[in-house]
Amino acid sequence: MTRSVWLKADGDVGDWEERTERITAGLEAGVDWVLVDETDVARVRELGDVNVAAFRSDADLVEDAESESAVADAYIVGKNGEGDGTVDLPPDFSGSADLTTLRRDDDRAQGAYVRILDEEYEAFAEAAAEDADYTIVVGEDWTIIPLENLIARIGSETDLIAGVTTAEEARTAFETLELGADGVLLDSSDPDEIRSTCEVRDAADREHLDLQYAEVTAVERTGMADRVCVDTGSLMEGSEGMLVGSMSRGLFFVHAETADSPYVASRPFRVNAGAVHAYVRSPGGGTQYLSELASGDEVQVVDTDGDTRKAVVGRVKIEKRPMFRVQAEVEAGDGVDRIETLLQNAETIKVHTREGRTAVTDLEAGDEILVYYEDVARHFGEAVEESIIEK
């Protein structure tokens, strides 16, 4: 599940100057959506590139936008209507104006906004979720009970967006019933709170991997090969690197070049990842060949504890260099499996052993090296259930 942060910036939060400051803080923090009144869509697009959702000013009236920039990416019903309690809920939801608008086939609205005033509004949110791409629910006194009920009852047909006012509330929303909300609608002008909420989103999206140690059985010189350095657009910490390997089922942890050496300065944006044929793990669990990576692609950065994050590739540098073949045996089911990779023969390339960061030039048979192992086959980088032999 990919989480999202929506920022509430409609007329209820202040004048346009106040809304501009809030939206600008959101753009700098990396929010996914900005929710505004329909008349503000074009002005938001002038501020930056972000998904724009708009409260439909009249659920029964669609006016032609003056320009493409004034067209929202999603329209939301419920404000000044039944969803926020301005108009009483009908005894029979089949008579609801908001729900009728959602059920039209003319793209009049893609989402619903519902204030959870009582159990009847919970039921109304459930009914809206059947037709809405996005169901935004806001509790009056923030509590997880209505959210728990809605997470349990609403299926995957909608993105459930929970209204919050702090990053801590966002964390709880993402963790509720273990599954959590798909996104949060943040109502705050505090730049620190907006940034912290985006950080909570990023943490909730991160995959955790169970890394293990494999015993090195051979380290051999192999001659020259085309070696790939992956330079990312973000700095990596001392415990971070990437997972690479000649066999997709067994990937070796290779440290980023965060440490200074007598020969070169540190390059904490770089992983010297190995030969062009090798796999590198991607966000979401896929793999790519190192030779295929290009500027703008995403790669997975992982630390020695198995915590991951995404990084954007800024540059890929391929040069001919002398290489080592590193072979290891890893516990697999009832026995052991052999995995291997090619790494450049240079002391600046570091792997991780029981003793910590270790130069590949110092690696010996019998050392225990950190790897990620999953007993699956892959086709075009995706795990498949078939037998594939790699050797």
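Leaving aside neighbours within four places in sequence, which residues is valine 36 in contact with? In this predicted model, valine 36 is in contact with Ala9, Asp10, Ile23, Val41, Val44, Val52, Ala53, Ala54 and Phe55.

**Nonpolar cores**

Val36 also stands out within the largest nonpolar core, which has 48 residues: together with Val31, Val34 and Leu102, Val36 touches the most other members. The element that gives the most to this core is helix α4 (residues 119-129), with six residues.

**Packing of helices α6 and α7**

The axes of helix α6 (residues 167-175) and helix α7 (residues 191-205) come within 8 Å and cross at roughly 20°. Because angles under 35 degrees count as roughly parallel, α6 is described as roughly parallel to α7. The crossing of the two helices is right-handed. The residues that make the contact are set out below.

| Helix | Contact residues |
|---|---|
| α6 | Ala167, Ala170, Arg171, Phe174 |
| α7 | Glu193, Ser196, Thr197, Val200, Arg201, Ala204 |

Sorted by class, this contact has five nonpolar, two polar and three charged residues.

**Serine 4**

Serine 4 lies in strand β1 (residues 4-8). Its relative accessibility is 12%, so serine 4 counts as buried, the cut-off being under 20%. Apart from neighbours within four places in sequence, serine 4 is in contact with Asp32, Ile161, Phe174, Asp182, Gly183, Val184 and Arg201. Among these partners, Phe174 and Arg201 also take part in the contact of α6 with α7, Phe174 from α6 and Arg201 from α7.

Methods
Residues numbered from 1 in each chain as written. Predicted model: local features only at pLDDT ≥ 70, side-chain atom pairs only at ≥ 80, totals over all residues. Heavy atoms only, no water. Axes fitted to C-alpha atoms, helices over the stretch in contact; angles between N-to-C directions. Helix = DSSP H or I, 4+ residues; strand = E, 2+ residues; numbered from the N terminus. Parallel < 35°, antiparallel > 145°, perpendicular 65-115°, else oblique. Left-handed = near helix turned anticlockwise from the far one by under 90°. Contact = heavy atoms within 4.5 Å. Nonpolar A, V, L, I, M, F, W, Y, C, P; charged D, E, K, R; others polar. Core = buried A, V, L, I, M, F, W, Y, C linked by side-chain atoms within 4.5 Å. Buried < 20%, exposed > 50% of the residue type's maximum accessible area, 1.4 Å probe, protein only.
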